[in-house]
Structure formats: structure tokens, C-alpha cells
Amino acid sequence: MSVIEATVDYEALAAEELVAQVAQAAAKGSVCLTSSFQTEDMVALHMLRRHLPDVPVIFLETGYHFAEVIEYRDRMTREWGLNLVNALPTTTVKEFEGQFGKLHIVEPAACCQARKVEPLMRSLEPFDWWFTGLRREQSPTRAGLKKVEDHRLPTGRHLKKVSVLADWDWAQVTEYAEREGIPQLPLYARGYTSIGCEPCTAIPEAGADARSGRWGGKKLECGIHTFSEKA
């Protein structure tokens, strides 16, 4: 256990202080960030790259993303010189649908498991620190989120999950992005507030929480933030 793990109250640290603490304490090559290239992820990445410019950025390439997401991912990878890691499922969309049909319609949890959760589990294995852009405000399922949590992967491997923006609201996210000149994914301008795979993402009703447009209201999480066990 490092000194920072034993003595620091993570919840008391502001976002940029927390990033700096972890970046200083973590061993070289032990940190990654998962990104869907939504604004929260870009803000967390912007903070982290000040300390670890080559941090691996893991993107779950499901094969079902909006074209705008892929275009934005590629643009920001070029402009920021990102160390992008596209985490791929074991099958292409054509192979997958040939075997299971439109699984995202009839059994979305199983589709997410195969095309998001399993690729992420494999991708996280080399790392000790996992950064995310998760926020408590996003949905009821995230209301109890801690800034740093101990997680155990299904293989038994332990890692620390760091949600540096856990206590931020959307106004703070957008203010930071505007101040730092971070371009926004164009889908926000069309009314989307939480953006995942295109077939399973809709514009939420006015006043609803940010993730209510996902999966037709049937669920709020794809599973990538619930598969691991809090230790």
C-alpha cells in the first residue's frame, strides 16, 4: 500500500488535486482512462494528460456507435495526440448478429455484456488505477459514487477506480470545457444528454435525468460500471 492510499482523504480533494495526487503516486504505466468521448470524459482526460500525456484512453468500440461519436473520437485523437486503445469485442457486428440477431433489442443486457463489459474487463487487466468521468448527478444508480473505490475484477485482480468529477454538476463540467477550449461532441446540440450506442440512445424527456434516454428506459447502466465488485 502506498503512502497516498493510507493517509489521503480522497473525498476532501478537489478534482485537479486528486488527479495530481494519483498521478504522482501511481507507478509508471499503471494508469488508464475509459472514455466514451462525452464531455465528462474529455474534462477528466484533459486534467489527467497534464500529468500523464501518454495515458492509455480505452474506448469500447462496440460497432454500434453514432457516426458523430467515431468522427469526434478520431478528431480528438489527432488533435490531442491521444494514446487511443480501441477495445474490441471478439466478433464483428455482422458475425454477432448472424449468431444472435438484434440482441440489443430483445436482450440489451446480454448485448452490453458481450460488446462492452467483456472487452473492458480484458482491457483493464494491466492497470492499477482506472480513471472515469462518472458523476453522482448523472443518475440514481450513481448517487452513491465515491471519488476513489477499490474494485475487484472477475479474474480477482484489484484496482482503484477514480471518478474525479464525482461531485461535479453539469454546469461545472461545461464551464471547465468552455474555459479550456474543449470541443463538444455535436450530438449534445441535438438534445442528447447521455450518449452510448446509437440503437439504444434517445433524447430524454424534459426534466428527466441525463441517462433516462438510454435503453428505452429499461435500465440505466450498460454494466461496465457494475460488473466489477467493490472490495
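## A walk from the strands to the rings

The chain folds into eight helices and seven strands (both are DSSP runs, H or I of at least four residues for helices and E of at least two for strands, numbered from the N terminus). What you have on screen is a predicted model, so local features need pLDDT of at least 70 and side-chain atom pairs count only at pLDDT 80 or more, while totals for chains, interfaces and linings use all residues. Residues are numbered from 1 along each chain as its sequence is written, and side-chain values use heavy atoms, with hydrogens and water left out.

Start with the overall numbers. Of the 231 residues in the chain, 50% are buried, where buried means under 20% relative accessible area, exposed means over 50%, and partly exposed is in between (1.4 Å probe, protein chains only). Now take the contacts, meaning heavy atoms within 4.5 Å. Among those between residues at least 6 apart in sequence, 70% join residues at least 24 apart.

E1 runs parallel to strand E4 (residues 129–132), with three bridges, and Cys32 sits opposite Trp130 of E4. E1 also pairs with E2 in the parallel sense, this time over two bridges, and here Leu33 has Val57 as its bridge partner. To get from E1 to E2 the chain passes through H3, giving a right-handed β-α-β crossover (with the strands pointing away from the viewer, the path from the first strand over the helix to the second runs clockwise).

E2 pairs in the parallel sense with strand E3 (residues 83–87) over five bridges, and Val57 stands opposite Leu84 in E3. The link from E2 to E3 goes through H4, and this β-α-β crossover is right-handed.

Back to H3, the helix that holds Asp41. Asp41 is buried, at 8% relative accessible area, and its side chain makes polar contacts (pairs of N or O atoms within 3.5 Å; within protein, one must be able to donate a hydrogen and the other to accept it, and residues adjacent in sequence count only if both atoms are side-chain atoms). The side chain of Asp41 reaches the backbone nitrogen of Ser36 at 2.8 Å, and a polar atom of that side chain lies 3.5 Å from the backbone nitrogen of Gly133. Leaving aside residues up to four places away in sequence, Asp41 touches Leu33, Thr34, Ser35, Ser36 and Gly133.

You'll find His65 in the loop between E2 and helix H4 (67–80), buried with a relative accessible area of 15%. Its side chain reaches the backbone oxygen of Leu60 at 2.7 Å. With residues up to four places away in sequence set aside, the contacts of His65 include Phe59, Ile70 and Cys197.

That brings us to the rings. The whole structure has six aromatic pairs; rings of Phe, Tyr and Trp (its six-membered ring) pair if their centres lie within 6.5 Å, with planes under 30 degrees apart counted as stacked, over 60 as edge-to-face and the rest as tilted. Phe37 and Phe59 have ring centres 5.8 Å apart and planes at 65°, so this pair is edge-to-face. Phe37 is in the loop between strand E1 (31–34) and helix H3 (39–49), while Phe59 is in strand E2 (residues 56–60), so the pair ties together parts that are 22 residues apart in sequence. Phe37 is buried at 0% relative accessible area, and Phe59 is buried at 1%. Phe37 also has a positive phi of about 65° although it is not a glycine. Ring pairs join Phe37 and Phe59 with Tyr72 in a cluster.

One last stop is Phe96, where Arg115 lies over the face of the ring at 4.8 Å from the ring centre (a charge sits over a ring if NZ of Lys or CZ of Arg is within 6 Å of the ring centre and within 35 degrees of the ring normal).

Terms used
Pairing = 2+ DSSP bridges.
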